[in-house]
Amino acid sequence: MTAAASVPVRDALVLAAGNGDRFHNRTRQSKLLQPLLGRPLILRTLDTARDAGIRRFEVVLGYQADDVRAAIDQSAPEGVSIHFSVNPEWHLENGVSVLRARPHLDDRRFALLMGDHLFDPAVLTRLLTVATRPGESLLAVDARPATPQITEEATKVRMTGDGRIIAIGKALSQFDALDTGMFVCAPLLFDALETSRAAGDTTLSGGIRELAARGLMRGVDIGGSAWHDIDTMADLEAAEGLLAEPA
């Protein structure tokens with residue numbers, strides 16, 4: 001395999017535009033501003049990515065953009081630079097938000113992270129240094145057995161024996177792993193998203209399917225590491241309970 005670069009990826013695109021149809025709190029405040037053990041969720045995402053080795057962030061805002069940006073500006077992790085883009089169509093699928101960042105990331109590889117996911121920094125550190133073929137993108141996947149409740153809501157992935165992703169989507173009936181929402185992407189993702197959008201699919205998964213059809217998507221198993229997708233207040237409370245447990 002030919003490595004795309006010998007230098008680890010140091011840029012990250014963080015999607016922080018939506019609020020999610022299933023997240024309901026009394027104030028209608030963005031879930032990214034909800035405190036998790038005293039620290040807003042979006043800041044925990046940035047902290048973890050910084051700890052993994054990210055030094056430059058492109059954050060795409062949308063729902064309550066001014067409030068989310070103010071929280072980041074006030075308490076951003078030290079040692080990083082942050083640039084913001086705004087997606088006025090934040091209520092649409094997340095592929096639209098990714099394309100808003102294209103002018104700032106179209107010339108280099110970057111991590112792609114969800115602002116409402118919690119993850120182990122060691123997993124991202126490893127993903128940032130995995131050798132790839134030119135144009136290939138990576139997705140951290142979880143191949144452990146999961147409950148029917150989790151798999152029903154999760155985006156699922158089907159792979160070949162060598163880890164190449166051949167199918168991705170929530171409706172897959174046969175799958176090998178779950179999508180953790182943690183990627184390292186080649187700039188070709190933007191072209192793939194444009195192709196997918198022209199065909200009527202504005203999801204991020206649509207662009208990933210396009211890359212998979214070109215043989216340019218590979219899954220990297222997270223092993224026993226924990227991750228949490230915060231879709232509901234119950235998810236937030238459960239994650240907080242797990243993080244608060246003594247080691």
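The model is predicted, with local features requiring pLDDT of at least 70, side-chain atom pairs counted only at pLDDT 80 or more, and totals for chains, interfaces and linings using all residues. Residues are numbered from 1 along each chain as its sequence is written, and side-chain values use heavy atoms, with hydrogens and water left out.

Two packed helices are described by the angle between their axes and the distance between the axes. Helices (H or I, at least four residues) and strands (E, at least two) are DSSP runs, numbered from the N terminus. Axes are lines fitted to C-alpha atoms, for helices over the stretch in contact, and angles run from 0 to 180 degrees between N-to-C directions.

Helix α1 (residues 41–52) packs against helix α5 (residues 121–129). Their axes lie 8 Å apart, at an angle of about 50 degrees. That makes α1 oblique to α5; angles under 35 degrees count as roughly parallel, over 145 as roughly antiparallel, 65 to 115 as roughly perpendicular and the rest as oblique. From α1, T48, A49, D51 and A52 make the contact (heavy atoms within 4.5 Å), and from α5, P121, L124, T125 and L128.

Helix α1 also meets α2 (65–75). The axes of α1 and α2 come within 10 Å and cross at roughly 45 degrees. The two helices α1 and α2 are therefore oblique to each other. Their crossing is right-handed. On the α1 side, I42, L43 and L46 take part; on the α2 side, A71, I72 and S75.

D47 also belongs to helix α1. D47 is buried, at 16% relative accessible area (buried means under 20%, exposed over 50%, partly exposed in between; 1.4 Å probe, protein chains only). Leaving aside neighbours within four places in sequence, D47 contacts R39 and P77.

Helix α7 (residues 188–198) packs against helix α8 (residues 204–213) at about 110 degrees, with the axes 8 Å apart. That makes α7 roughly perpendicular to α8. Helix α7 contributes L188, L189, A192, L193, T195 and S196 to the contact. Helix α8 contributes L204, G206, G207, I208, E210 and L211.

The aromatic contacts come next. The structure holds two aromatic pairs. Rings of Phe, Tyr and Trp (its six-membered ring) pair if their centres lie within 6.5 Å; planes under 30 degrees apart count as stacked, over 60 as edge-to-face and the rest as tilted. The ring centres of F110 and F190 are 5.5 Å apart and the planes stand at 25 degrees, so this pair is stacked. The pair links distant parts of the chain, 80 residues apart. F110 sits in strand β6 (residues 110–114), and F190 in helix α7. Both F110 and F190 are buried.

A charge also sits over a ring. K156 lies over the face of F175, 5.9 Å from the ring centre (NZ of Lys or CZ of Arg within 6 Å of the ring centre and within 35 degrees of the ring normal).

L37 is found in the loop between β2 (35–36) and β3 (39–40), and is partly exposed at 40% relative accessible area. Q64 lies in the loop between β4 (56–61) and α2. At 26% relative accessibility, Q64 is partly exposed.

How values were computed:
Left-handed = near helix turned anticlockwise from the far one by under 90°.
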